[in-house]
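Dear colleague,

Please find the structure below, handed over for your work.

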Amino acid sequence: MGNQNDMVFSNKKRSGSDEKDHHDDFFVTKKQTKSLIWEDPAAALANARHEFGEHGGVNMSIEASATFTVMEPETMRRMFSGELGPDRDFFIYSRHFNPTVLNLGRLMAALEGTEAAYCTASGMSAISSVLLQLCSSGGHVVASRTLYGGTHALLTHFLPRACNITTSFVDIRDLQMVKEAIVEGRTKVLYFESLSNPTLTVANVPELSRIAHEKGVTVVVDNTFAPMVLSPAKLGADVVVHSISKYISGGADIIAGAVCGPENLVNSMMDLHQGTLMLLGPTMNPKVAFELSERLPHLGLRMKEHCKRALEYATRMTKLGLKVIYPGLEAHPDHTLLKSMANKDYGYGGILCVDMETEERANRLMNVLQNFTQFGFMAVSLGYYETLMSCSGSSTSSELNHEEKELAGISPGLVRMSIGYNGSLEQKWSQLEKALSRMQEKMAF
């Protein structure tokens, strides 16, 4: 159906007889700009071709059509046979391909330094589509014990029941355990999060990728917690998935996902007969794709501020005696590892955790922070300009049972904070400090 990351969208309807070669105008591949893409994700985004609007507008036009016309009857047959496709500006139906959505895919490929990318209606649809494309009935996955609750439920309950795909969960820090869990010839995927949700364990992407590749296993990494901060494909991963709803959107107003990876994989996922993206239909709305394309250029600026404030608050809260989990702190067991892998100047992530030990104490802290000092909101998700707080064990990780939470290191009182950047740093710190003082009046930390 065509090459995803090398799409050109002209404003002139082309006929099937027009054989002009557009390859010179295609999206600049990573091979051509390797140093720019690998050195800085922001530079790679800036290097991607800018798509102008239909009438010369600085912003691209939104292609809102569900279906597309052709100039000659024969053209449609050639399109369905795969002879003509989006790589030469021929579109059939927006569940297949849409120019506006493909443009966002091109930007996501630039961000992650992959050959191609395709954007979906949610992060979970991206994750499930990749796993179902790479695994067949009887297949096996090795995955981190500490994952987003929805992903854990998919691997633990849905895939075994519906697809006969099983998963072995491992401590992702224990490389020997990972190696022993891989069954050569049967294991198809090694799956983990670059920064785990919610415990902020840092995955050793280069070593994990080496172990997997030695046994012919595909490495899939969820980089939702660390866009710009980490580039898993640069570090050896094969596929990078995102919930674009989080940092990339930044507005807590969009649900979207992305699959970034090799061109042959993305194309196979869009195959008319066997492609999970094509046949399961997790289609992104082009109006959503337009919105997200407008937000990607300032993702780097936003991430730097999220990360800067998270490090500052984590440092100050630690000095006050709180049990803070944040990989930017030197005391964090994965600090040196993250520092060795991170892209320069983007920090260590915008999320920190405070372990209040019990759910009751966690709830009291969040109540004070929201309802008395206005430091943030009690809400799931992350990447918003306001700070969002949740008690992970009873919310986003509630799909895990008690034993699974213990193995994952999720304390009943673990408060996950996605640090926002609204207001001044000192203004927000004052609100946090007042909340902590109020807590101290009623209980000892």
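Predicted model: local features only at pLDDT ≥ 70, side-chain atom pairs only at ≥ 80, totals over all residues.

H8 itself spans residues 205-214, and its buried residues are Val205, Leu208, Ser209, Ile211 and Ala212. These residues lie on the same side of H8 because they cover an arc of only 160° around the axis. Just after H8, glycine 216 adopts a positive phi of about 70°.

A second point concerns a pair of helices. Two packed helices are described by the angle between their axes and the distance between the axes. For helix H4 (residues 99-112) and helix H11 (residues 286-295), the axes come within 8 Å and cross at roughly 35°. The crossing of H4 past H11 is left-handed. On the H4 side, the contact is formed by Thr100, Val101, Asn103, Leu104 and Leu107, while H11 contributes Pro286, Ala289, Phe290, Leu292 and Ser293. Sorted by class, this contact of H4 with H11 comprises 7 nonpolar and 3 polar residues, with no charged residues.

As to the protein overall, its secondary structure amounts to 16 helices and 12 strands. Of its 445 residues, 56% are buried. Among contacts with a separation of 6 or more, 73% are between residues 24 or more positions apart. The accessible surface comes to about 18300 Å², and carbon and sulfur atoms account for 51% of that surface.

With kind regards

Note on methods
Residues numbered from 1 in each chain as written. Heavy atoms only, no water. Axes fitted to C-alpha atoms, helices over the stretch in contact; angles between N-to-C directions. Helix = DSSP H or I, 4+ residues; strand = E, 2+ residues; numbered from the N terminus. Left-handed = near helix turned anticlockwise from the far one by under 90°. Contact = heavy atoms within 4.5 Å. Nonpolar A, V, L, I, M, F, W, Y, C, P; charged D, E, K, R; others polar. Buried < 20%, exposed > 50% of the residue type's maximum accessible area, 1.4 Å probe, protein only. Arc of directions from axis to C-beta. Areas by Shrake-Rupley, 256 points an atom, 1.4 Å probe, with all protein chains shown as cover.
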